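This report describes selected parts of one protein structure. It covers a sheet, a helix, a loop residue and the nonpolar cores.

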Amino acid sequence: MERTFAAVDLGASSGRVIVGRFGAGELDLHEVHRFANNPVRLADGLHWDVLGLYREVLCGLRLAQPHAPVSVGIDGWAVDFGLLDGDGALLGNPFHYRDERGVRGVELVRTCVDDAEHYRICGLQRLPINTVYQLAAAARTAHWDRAETLLLVPDLLVYWLTGAVGAEVTNASTTGLFDATSRSWSRPLLDRLGLPSRLFPALRAPGEPAGNVRDRVASEAGIAGGLPVTAVASHDTASAVAAVPATADRFAYVSCGTWSLAGLELDRPVLTEESRAANFTNELGVDGTVRYLRNTMGLWLLHECVRSWQRQGRAVDEPALLAQAAGAAPFAALVDATDAALIAPADMPSAIAAQCARTGQHPPADPAAVTRCVLESLALAHRATLREAARLSGRGFDVVHLVGGGSRIELLCQLTADACGVPVVAGPTEATALGNLLVQARASGSVADLAAGRCLVARTQRLRRYRPGGDPGKWESAAARVGLR
């Protein structure tokens, strides 16, 4: 039976609404709306324009109506949240994870729980962007005393559509307040940190109903009243991994967009001290799987370089830049893409040049050389992360699935294959939206299970395959230059 679903997929720089039609072994996608996601800097810091995002979501759902979707799901980035008062009103625009307040929160949390114990509970990579650190900083603000409910951004948008409050579990697992073993909010940790349990709603799993679009919202937005909203894997990486077109178990993945998230799909978390020291994270995926991964800089490095050059008045054409980078000298300059100094520098090319200078390298001299540096450095980060994940988990891999926006960049895909020494399957580009749609389709009976959904993606979406080549010894030397294994 043919059915159509709508996926709202929110990325850190843009959002989209995509409809997917399932039927007779087919899966067709149609993008109905795409919009920018531009943060806003105010006197108190960097914020998301969440009201503008909600307006665009409604616009996208209205444009999806001719396709007659039978449900809608929302996924987005992790860690950021809105606070609601007792009347359900939003207490200010959510902060952006690149705002500096999270850095202040790290030390505040450490006064209550040390890093080793925190990892044994939550199993999360320590990043200042994590929800727990943002909350530690928020507890000193005027809004705090009025807060009754905390909703991560996708859950907030679901609440505005339906009036139903809940916390989808794949995103909850990224907060630093979630017990990776019991797979529930960690009440002891909340108590230690002085966080009232009322803030944290009941958990819901991907595939569960999240409510129906309220009549008033439907009437004002021009969309179908009572449209079901399905809880999907609301963390965009969880959705992307659900859509990895793997047909065998021994695979690794790289979800490459603004961030590069590289790792393995496991049955249980790895909570060892060695895993903590290596800064790996354990986040939930669909069907209780664990996304064992490390978060590194992704195409943010290149996009910020392009923005810097454009601010200087240079005309930059990204396809031409990538073509020039393919012909640039290999391994001329490299950076460690895990370096926190690259999270939010004022000028990315200068930050890259500074890291090169600190490591005794000549900084790249022109945009093509900078681009080559970025792509080779990302490939090195993918290599180091996946090898370490395999060693720490005891789970090997024979192929790397590279999904997301980075799968469009042929040079990055080939470099990743060369660096890792195994084939790379690139695509689908819209993996997050596909994973969102697959969970909805499974909930309705249009897809049998996760494995069947992945096989459907492999059959119906355009994929490219890259075989490893080049001299492995050169990658070993390159990794040593930036302190990676």
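How many bridges join strand β20 to β21, and do they run parallel or antiparallel? There are 3 bridges between β20 (residues 424–426) and β21, and the two strands run antiparallel.

## Basis of the model

This is a predicted model, in which local features need pLDDT of at least 70 and side-chain atom pairs count only at pLDDT 80 or more, while totals for chains, interfaces and linings use all residues. Residues are numbered from 1 along each chain as its sequence is written, and side-chain values use heavy atoms, with hydrogens and water left out.

## The sheet

An open sheet is formed by 7 strands in the order β17-β18-β16-β15-β19-β20-β21, with mixed pairing. The edges are β17 (281–284) and β21 (464–466); each has a single partner strand, so one side of each has no neighbour in the sheet. From one strand to the next, the twist averages 30 degrees. Within β21, R465 is the bridge partner of V425.

Strands (E, at least two residues) and helices (H or I, at least four) are DSSP runs, numbered from the N terminus. Two strands pair if DSSP finds at least two bridges between them.

## Helix α11

Helix α11 has 12 residues (300–311) and should span 16 Å at 1.5 Å a residue, which agrees with the 16 Å between its end C-alpha atoms. The expected span is 1.5 Å times one less than the number of residues. After α11 comes G313, with a positive phi near 90 degrees.

Buried residues (under 20% relative accessible area, 1.4 Å probe, protein chains only) of α11 are W300, L301, L302, E304, C305, V306, S308 and W309. They pack against β18 (290–297), α12 (318–326), α13 (348–358) and α14 (367–393).

## Q361 in its loop

Q361 sits in the loop between α13 and α14. Q361 is buried, with a relative accessible area of 10%. Leaving aside neighbours within four places in sequence, Q361 is in contact (heavy atoms within 4.5 Å) with A332, A333, L334, C356 and R481. A polar atom of the Q361 side chain lies 2.7 Å from the backbone oxygen of L334.

## Nonpolar cores

A nonpolar core is a set of buried Ala, Val, Leu, Ile, Met, Phe, Trp, Tyr and Cys residues joined through side-chain atoms within 4.5 Å. The largest has 168 residues, and F22, L157, L177, F200, L301 and I352 have the most contacts inside it. The largest share of this core, 13 residues, comes from α14.

Not counting residues up to four places away in sequence, F200 touches L135, L150, L177, W185, L190 and L195. A second, separate core has 7 residues, including A233, A242, V286 and L450.

Methods: Buried means under 20% relative accessible area, exposed over 50%, partly exposed in between (1.4 Å probe, protein chains only). Axes are lines fitted to C-alpha atoms, for helices over the stretch in contact, and angles run from 0 to 180 degrees between N-to-C directions. A polar contact is a pair of N or O atoms within 3.5 Å; within protein, one must be able to donate a hydrogen and the other to accept it, and residues adjacent in sequence count only if both atoms are side-chain atoms.
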